[in-house]
Amino acid sequence: MSILEVQQVSKYFKGVRVVDGVSLSLEPGDNLAIIGESGSGKTTLAKMIMGLISPDQGNIQAQRQSLQMVFQDPNQSLDPLWNVRSILKEALWTKRSLSASQKEAQMAHILKAVGLAPDVLGRFPHEFSGGERQRLCLARCLLSRPKVLVLDEAVSALDTLVQKQIMDLLKQLKQDFNLTYIFISHNLRLVRHFSDKIAVMYQGKIIEEGAVSAILQSPSHPYTQELVRTAFYRHL
Amino acid sequence: MNDAVKHQSRTQLALAAFRRNRAAMLCFWVLAVLYGLAVFADVVCPYSYQDEDRDFSYCPPTAIEFMDHGHWVRPFVYKRTLTFDADHRRDYVIDRHTKYPLRFFHAGRLFTVDRPGRLYVWGADARGRDLFSRIWYGARISLSIGLLGVAISFALGLLIGGIAGYYGGWVDAVLMRLCEMFMMIPGFYLMLALRAAVPENFNYVEVYISVVVILALIGWASLARIIRGMALSLRERDYVLAAKTFGVPDLVIIVKHILPQTISYSMATLMLTVSSYILAEAGLSVVGLGIQDPIPSWGNLLSDAMSIVPVIFAPWILLPGLFIFIAVMCFNVIGDALRDAFDPMVEGSSIEN
C-alpha cells in the first residue's frame, strides 16, 4: 500500500514545462532521494506534493496532513519576529483538542528528540546557528505528526560538519518516528549512505529511478553517468 | 547557556535602538507633553475655549507679576483698559493701581483670574478669548484627528494591501484598480469634494468624524499599494509556506506573518502620515471646511491669521502655526528614527539576507 502516489504530474510556468510528466510511488518507510541540478524541477515537484502549488496535469494522491516539508534555507523558514514557542505552536494549529500543557509537553519532547535544550522556547531565530535552526524546522514538522517528510535541500545551506550532524539526526528520527523520506538534493555523495532509492531528475523529467547501489554502479542515462563520474571522481 | 541573557525579539531590539536616538526621544517627549496638555486642557487652561470678552479683542499677552514694590507677593496681573491711540488703533493701558491675584486650583483649573480681571497668557483673539486656552483645547482635535485618521487608513491599507499581495491574481487586480482610483485624484481636491458631500447641518462631532473618515479615505490607497508589493514577495517566504502546510488560515498568515514584516516601513509611514493628516486638517479648517468656530482646532485658529492686518497688530495669533510645525516635525523625526531602528542594515543584525 503506497503512502504517496504521484501520477503523470506536469507544471508550466509561463509556457515553460518545469515538471514534465513525473510519476512517483512511495511505500511507508521508504527513503527516496530525488537528485538533480538546480532548475530541474525538484522544488516545484516538492511544492506540488505538499499541495502548495497545484499541478497543471496529472494528480497526486496523499493524505495532506501526513506530509510535512523542511525547506532549504533555515534562515527563511522561521519567522524572524516569532519566538521558538510560537513557531513550534504553529505546527499544532489544527490540533484544537490539545490543552496548553499537553502542547508544552509535546514541544519539550520533540525538542529533546532533535537535540535542542528545552530552554530555547523563549528565544528568537536570530539567536540560533544554521544547524540549530534546521533542527527547529525539523522539530516543528515532527510536532504535526507527519508520516512523510519532504526534505528539500534540507542540509545544502549548512557547513559540511553540520550537514553530517543533521543527516545523522535525520536517520535517527526516521527510526524514532517511523518516517518516510523524500530527500531532495543536488549532491549525489550526500545521499549515497542515506537513501535507499534514487530518482534522477533532469529538465523536469525523472530520467532514471532505482536502488542507490544500482544507480551508482550502472547508470544508464548519459546525464546520470556524468553525475556519478563527477561526484565520485577522486582525482579532481 | 547563560540564563541571565534576556532574549529579545527584533521589535524589542529595534525599540532599544530607537531609545538610543536622542533627537527622536526628545521629539517623543515633546509630543508626550503636547498630548498631555491636550488631554488635561480642562485643568491646565485658565479659561474654557468659548470664554469670551469682547472688551479684550486682540489683547496682547498679559505679564504675570511676582513682585510688588520690591517684595515677593502672590502672583497677580494688572488691570488693563482698552483705549484707542491717535490712529484709532487699540491700545491696552496697564492700570498699576488695580491688581487681580492669580487663583490656583480654583473651579477645577490650575490657575485663573477672577473677573473682571483677564489673564491672556499668549494674548487674545478677535473675540477676546484666551489663545493659550484655545490652543490646548484645539490640540485635542488637531492631535487626535491625525491619529484616528491614521488608525483607520492603516487598518484599511494594511489589510487591503496584505490581501491583494497575498492572493494575487484577480483579487489583486480588482483591489489595486480601486486604489488607483483614489490615488488618481489630487488629495486636496478629493478632500474638498468629499467634504462637500457632507451635509451642512452637521454638529461638530459629526463634522469631526466626517473629517476623520475623509482623511482616512485619502490615505489608505498609497499604503495599500506598497504593502501589496511587500506581501507579494513575503508570501514566497518559506515560513509562510510552512504555515500553510500546518493548516493555518490565510487571514491569520496575513495578519501574523506578512504584515508584521512590513513594520519598518509601515511604522515610519504611519508617523509621516499622522503629520500629513494634521496638516490636512489644518488645511481644511483654514479654508473653513473643517471644525467650525467656536470649537477650536489649530487649523481654524490659524485661519484667523489669514488676513494681514490682525497679524501685524496681534502677531501671537500665528502661534497655532508654530504648534502645527512642532507636532509635524516631531512626528517626522520619530518616523525617520523608527525606520532606522527597524532597518536591520543599520543596526548590524544579520537577519535579513
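## Two helices in chain B

Let's start in chain B, where helix 5 and helix 7 cross in a left-handed way. Before going further, keep in mind that the structure you are looking at is a predicted model. Helix 5 covers residues 169–184 and helix 7 covers residues 204–234 of chain B. The two pack at an angle of about 145 degrees, and their axes are 8 Å apart.

Which residues make this contact? From helix 5 of chain B come Asp172(B), Met176(B), Cys179(B), Phe182(B) and Met183(B). Helix 7 of chain B supplies Ala221(B), Ser222(B), Ala224(B), Arg225(B) and Arg228(B). Sorted by class, the contact between helix 5 and helix 7 of chain B has six nonpolar, one polar and three charged residues.

Now find helix 1 of chain B, at residues 10–19, and helix 13 of chain B, at residues 319–342. Their axes come within 8 Å and cross at roughly 135 degrees. The crossing of helix 1 and helix 13 of chain B is right-handed.

On the helix 1 side of this chain B contact you will find Ala14(B), Ala17(B) and Phe18(B). They meet Ala337(B), Leu338(B), Ala341(B) and Phe342(B) of helix 13. How many nonpolar, polar and charged residues does the contact of helix 1 with helix 13 of chain B have? There are seven nonpolar residues, no polar ones and no charged ones.

## A three-stranded sheet in chain A

Let's move to chain A. Three of its strands form an open sheet in the order 2-1-4, with antiparallel pairing. Strand 2 (16–26) and strand 4 (57–62) of chain A each have a single partner strand, so one side of each has no neighbour in the sheet, and these two strands stand at the edges. On average, neighbouring strands of this sheet are turned by 20 degrees against each other, direction ignored.

Strand 1 of chain A, residues 4–13, is joined to strand 2 of chain A by seven antiparallel bridges. Across that pairing, Glu5(A) stands opposite Ser25(A), and Lys11(A) stands opposite Val19(A). Strands 1 and 2 of chain A form a hairpin with two residues between them. In that turn, Lys14(A) has a positive phi of about 50 degrees.

Strand 1 of chain A also pairs with strand 4 of chain A, in the antiparallel sense and over five bridges. Here, Ser10(A) stands opposite Gln57(A) of strand 4.

## A six-stranded sheet in chain A

Chain A has another open sheet, this one with six strands in the order 5-6-7-3-8-9 and mixed pairing. Which strands lie at its edges? They are strand 5 (67–70) and strand 9 (205–211) of chain A, each of which pairs on one side only. Neighbouring strands of this sheet are turned by 15 degrees against each other on average, direction ignored.

Leu67(A) stands opposite Val148(A) of strand 6. Helix 1 of chain A (residues 42–49) lies across strands 3, 5, 6, 7 and 8 of chain A, running at about 155 degrees to strand 6.

## A closer look at strand 3

Is strand 3 of chain A mostly covered or uncovered? Strand 3 is mostly covered, with five of its five residues buried. Asn31(A), Ala33(A) and Ile35(A) point one way from the strand, while Leu32(A) and Ile34(A) point the other way.

Strand 3 of chain A runs parallel to strand 7 of chain A, with five bridges joining them. Ile34(A) has Ile184(A) of strand 7 as its bridge partner. Strand 3 of chain A also pairs with strand 8 of chain A, in the parallel sense over four bridges. Leu32(A) has Lys197(A) of strand 8 as its bridge partner.

## Where the chains touch

Finally, look at where the two chains meet. The contact takes 26 residues from chain A and 21 residues from chain B. On the chain A side, the residues touching chain B are 11 nonpolar, nine polar and six charged.

Definitions and conventions
Residues are numbered from 1 along each chain as its sequence is written. Chains are lettered from A and ligands numbered from 1 in the order in which they are written. This is a predicted model: local features need pLDDT of at least 70, side-chain atom pairs count only at pLDDT 80 or more; totals for chains, interfaces and linings use all residues. Two residues are in contact if their C-beta atoms, placed from the backbone, lie within 7 Å. Ala, Val, Leu, Ile, Met, Phe, Trp, Tyr, Cys and Pro count as nonpolar, Asp, Glu, Lys and Arg as charged, and the others, Gly among them, as polar. Two strands pair if DSSP finds at least two bridges between them. Axes are lines fitted to C-alpha atoms, for helices over the stretch in contact, and angles run from 0 to 180 degrees between N-to-C directions. A crossing is left-handed if the near helix is turned anticlockwise from the far one by less than a right angle, and right-handed if clockwise. A residue is buried if 20 or more other C-beta atoms lie within 10 Å of its own, exposed if 12 or fewer, and partly exposed in between; C-beta atoms are placed from the backbone.
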